[in-house]
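Student: Hi, I have a model open here and would like to talk it through. Could you walk me around it?

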Amino acid sequence: MSALNKLWNPAIVHLQDDCHTPLMSEISAEHLQSIRQLHVTDSDILLYTYPKSGTNWMKNIISHLVDGGEVEGVTDMHEYMPLLEASRHCQTGTKMFTEMKKLRRFGFSHLHQSLVPEQSVSEGKGKVIYLARNPKDVLVSGSYFWMKYLNAFTGDFDDYFNMFVFHPEDLINGGHYDHVYQWWLKRNAPNVLVVFYEDLKLDAASEIKRIGEFLGCSKTDQQISDIVSKTDFSTQKISWQGNAKFVYDDLVVSDEIPFFRRGVVGDWINHFTVAQNRIFDEVHRRRTEAWDDPVPFKFEIDL
């Protein structure tokens, strides 16, 4: 097993013998096994994303589609839709999911496809939504989160850029490309829906309608319009900011550092140097040219 990259804070990030990528230190080998063996029913809803791909936006959308206005009174989103790999107050996310008292259970995970509940992957159990975002914006958003929000990464932006581009195996939850690609290959499975962050930005109403139909929660045009408004980034940033520490409450560096930052497409332009963008594009070309079924990433959009 390779050593943990020295730029990660060892108090927050660790490696395990049975997992080849860095994970949050609260995740034990037993916990990983419980996630993989989690019993999933056809009515369950599981959201899988690579970190910083718009997870909370999608959680908000799902909750409004399934439970309507009830989510507005939720004070702890971790109880409503637990992170399966989280461990909080002596309770794991899998335990919270298993004990959930509702007709449709919700859970989400940032783990690689090889580590999430096996039944959702190979047996077609549950409704799986995979939310993907272009890797340049994921890189930028991740640098803020790991360096400034959690203080888990001790290097600077250039260090994080180099790790993301040249050493993806050292990233928490592994490299972005393989994480997305494995679910892209599963997109035609009856229980899987792949959604792109950029498509949500371009046409939220159409994408939310598609998500609702997939979940069996079809809505009228007016209801869709209401959900678009209630889940807009600016609204979510205000209403959920106090809720943002539901998993990382003991690790957050400062209350002054926002969990929700910008939520835009193409913010990488404000961070990459010309040289970095040239390097990234070349590595991106090499990483994706062998794919038989390329992922249609969008690095910029016109709104």
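**Around helix α10**

Tutor: Happy to. In α10, the buried residues are Ala204, Glu207, Ile208, Ile211, Gly212, Phe214 and Leu215. Keep in mind that this is a predicted model.

Student: Where do those buried residues of α10 fall, seen down its axis?

Tutor: They fall within an arc of 160 degrees, so they line one face of the helix.

Student: And what does that face pack against?

Tutor: The buried residues of α10 pack against strands β3, β7 and β8 (192–196), and also against α2 (55–67), α9 (197–202) and α11 (221–230).

Student: How far does α10 reach from its first C-alpha to its last?

Tutor: Helix α10 covers residues 204–215, which makes 12 residues, and reaches 16 Å, close to the 16 Å expected at 1.5 Å a residue. Just after α10 comes Gly216, with a positive phi of about 75 degrees.

Student: Let's move on to β3. Which of its residues are on each side, and are they buried or exposed?

Tutor: Ile45, Leu47 and Thr49 are on one side, Leu46 and Tyr48 are on the other, and all are buried. That makes 5 of 5 residues buried in β3.

Student: Which strands does β3 pair with, then?

Tutor: One of them is β6 (residues 106–109), joined to β3 by 4 bridges and running parallel. Another is β7 (residues 127–132), also in the parallel sense, over 5 bridges.

Student: Which residues stand opposite each other there?

Tutor: On the β6 side, Leu47 stands opposite Phe108. On the β7 side, Ile45 stands opposite Lys127, and Leu46 stands opposite Val128.

Student: What else is in contact with Leu47?

Tutor: Leaving aside neighbours within four places in sequence, the contacts of Leu47 include Thr55, Met58, Lys59 and Ile62, then Gly107, Phe108 and Ser109, and also Ile129 and Leu131. Leu47 has 0% relative accessibility and therefore counts as buried.

Student: How far apart are Leu47 and Lys127?

Tutor: In sequence they are 80 residues apart, while their C-alpha atoms are 8.4 Å apart in space.

Student: Back to β7: how many of its residues are buried?

Tutor: The count is 5 of the 6, so β7 is largely enclosed by the rest of the structure. Strand β7 is also joined to β8 by 5 bridges, and the two run parallel. Val128 has Val192 of β8 as its bridge partner.

Student: New topic: nonpolar cores. How many residues has the largest one?

Tutor: It has 57 residues, and those with the most contacts inside it are Trp8, Leu139, Trp146 and Phe280. Helix α6 (residues 135–149) gives the largest share of this core, 7 residues. Apart from it lies another core of 30 residues, among them Met77, Tyr80, Val195 and Tyr197.

Student: Last one: what are the overall figures for the chain?

Tutor: The secondary structure comes to 13 helices and 8 strands. Of the 303 residues, 55% count as buried. The accessible surface comes to about 13500 Å², with 50% of it belonging to carbon and sulfur atoms. Among contacts between residues at least 6 apart in sequence, 73% join residues at least 24 apart.

Terms used. Residues are numbered from 1 along each chain as its sequence is written. This is a predicted model: local features need pLDDT of at least 70, side-chain atom pairs count only at pLDDT 80 or more; totals for chains, interfaces and linings use all residues. Side-chain values use heavy atoms; hydrogens and water are left out. Buried means under 20% relative accessible area, exposed over 50%, partly exposed in between (1.4 Å probe, protein chains only). Contact means heavy atoms within 4.5 Å. Accessible areas come from the Shrake-Rupley method with a 1.4 Å probe; for residues, only the protein chains shown count as cover. A nonpolar core is a set of buried Ala, Val, Leu, Ile, Met, Phe, Trp, Tyr and Cys residues joined through side-chain atoms within 4.5 Å. Two strands pair if DSSP finds at least two bridges between them. The expected span of a helix is 1.5 Å times one less than its number of residues. The arc is that of the directions from the helix axis to the C-beta atoms.
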